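This report describes one protein chain for a reader who is new to structures. Please keep the sequence and the 3D view open while reading.

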Amino acid sequence: VIGDNLYVSFINEKKENCFNLKILVSKINREKLDFKKFYETSECVDKKNKHGYLAHQGAGGRMFATDSSLYFTTGEFRNRPLAQKVDNDYGKILNIEFKSKKSKIISLGHRNPQGLYYSEKNNFIISTEHGPKGGDEININHEPQKKIKNFGWPLASYGEHYYKNYSKEILDQAPLNKSHKKYGLEEPIKYFVPSIGISEIISLDVDDKEFLIGAMGNEIAEQDLGLHLIKLDNKRKKIIKHKYIPLNERVRDMVISKNKKILILFLETTSSLAIIKKSPY
């Protein structure tokens, strides 16, 4: 929700068996919502490609607004090489201007970013991203407008492929090297092995040093089904505190009030809403 407008992103079948991402916008109206197209990724991803097709597990779709533009995450729809190419919108974080509706790539090398926050005060993006079998990530991009940064997927990942019988061609395109820095790529500030089913990230303080992250998954023993609290150092370059809070619920989405005192969570396991009030102590 931005002002009196409601923006919705979704997976769209642009033509038969070929899918893209689309953003619609409508004025908020309690009786009827009249949606119009705001943006769509230019090309579609064909279901028939060498890397397979699982769009619902690799679409991205998170949005975060400033006064003039919208940041938007896209996944690679399990067509892994797309994330490393700048001639498409997939596996990227994009910035879309409200007036012109023109987009530009902010970063590439993303698998499926599901959490997104931009600190205008300190000019950095912090995002969360689903890895494959292991390798969920928290990434930070300082001065994101300065140059396009590459966060590595599928050249580097601390996770593993789900299957072992991929062809040499596919493994050459998606080697999942265990170092990002060695190959000139951006390292995550934190990764999770096993994965936690990482989801939304929200800022808890006005200085943008403390963040809350949702976790889905199915195993409390793996720190799924709850919340992760992190605190960054003064330069926002590394995590100096991390605490896991089990809820026994898949935390899909979170929003926080403007005064940072009330959180609303969507709990997917029971399909319910929860309200958390920050203690003054």
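## Asn17 and the basis of the model

Asn17 has a relative accessible area of 28%, so it is partly exposed. In this report, buried means under 20% relative accessible area, exposed means over 50%, and partly exposed lies in between, using a 1.4 Å probe and protein chains only. Asn17 sits in the loop between strand E1 (5-15) and E2. Helices (H or I, at least four residues) and strands (E, at least two) are DSSP runs, numbered from the N terminus. The phi of Asn17 is near 60°, a positive value in a residue other than glycine.

This is a predicted model, in which local features need pLDDT of at least 70 and side-chain atom pairs count only at pLDDT 80 or more, while totals for chains, interfaces and linings use all residues. Residues are numbered from 1 along each chain as its sequence is written, and side-chain values use heavy atoms, with hydrogens and water left out.

## The disulfide

How many disulfides does a search of the whole structure find? The search finds 1. A disulfide here is a pair of cysteine sulfur atoms within 2.5 Å. Cys18 and Cys44 are joined in this way, with an S to S distance of 2.1 Å. The pair links distant parts of the chain, 26 residues apart: Cys18 is in strand E2 (residues 18-27), and Cys44 is in the loop between strand E3 (36-40) and strand E4 (45-46).

The link of Cys18 and Cys44 is right-handed, with 100° about the S-S bond. Are the two cysteines buried or exposed? Cys18 has 4% relative accessibility and so counts as buried. Cys44 is also buried, at a relative accessible area of 19%.

## Nonpolar cores

A nonpolar core is a set of buried Ala, Val, Leu, Ile, Met, Phe, Trp, Tyr and Cys residues joined through side-chain atoms within 4.5 Å. In soluble globular proteins, nonpolar side chains tend to be buried together. The largest core in this model has 18 residues, and those with the most contacts inside it are Tyr7, Ile23, Phe38, Tyr39, Phe72, Phe77 and Ile96. At least two residues of this core come from each of E2, E3, strand E6 (69-74) and strand E7 (92-97). E2 supplies the largest share, 4 residues. Apart from this core lies another, of 14 residues, among them Phe124, Ile138, Ile196 and Ile230.

Which residues does Ile23 touch? Contact means heavy atoms within 4.5 Å. Leaving out residues up to four places away in sequence, the contacts of Ile23 include Tyr7, Phe38, Tyr39, Phe72 and Ile96. Lys36, Lys37 and Met63 are also among them.

Two strands pair if DSSP finds at least two bridges between them. An open sheet is formed by 4 strands in the order E9-E10-E11-E13, with antiparallel pairing. Its edge strands, E9 and strand E13 (190-192), each pair on one side only. E9 (residues 113-119) has 7 of its 7 residues buried, so this strand is largely enclosed by the rest of the structure.

E9 pairs with strand E10 (residues 124-129) in the antiparallel sense over 6 bridges, and Tyr118 stands opposite Ile125 in E10. The two strands form a hairpin with 4 residues between them, and Asn123 in the turn has a positive phi of about 55°. E10 is also joined by 6 bridges to strand E11 (residues 136-142), and these two run antiparallel. In this pairing, Phe124 stands opposite His142 in E11.

## A sheet of five strands

Another open sheet has 5 strands in the order E5-E6-E7-E8-E12, and its pairing is mixed. The edge strands are strand E5 (60-65) and strand E12 (149-150), each pairing on one side only. Strand E8 (residues 103-108) and E12 run parallel and are joined by 2 bridges. Leu108 stands opposite Asn150 in E12.

## Backbone exceptions

Most residues other than glycine have a negative phi, and most peptide bonds are trans. Lys260 is not a glycine, yet has a positive phi of about 65°. This residue is in the loop between strand E18 (251-256) and strand E19 (262-267). Lys260 counts as buried, at 16% relative accessibility.

Trp153 and Pro154 are joined by a cis peptide bond with omega of about -5°. Pro154 lies in the loop between E12 and helix H1 (168-173). A cis peptide bond also joins Val193 and Pro194, with omega of about 5°. Pro194 is found in the loop between E13 and strand E14 (198-203).
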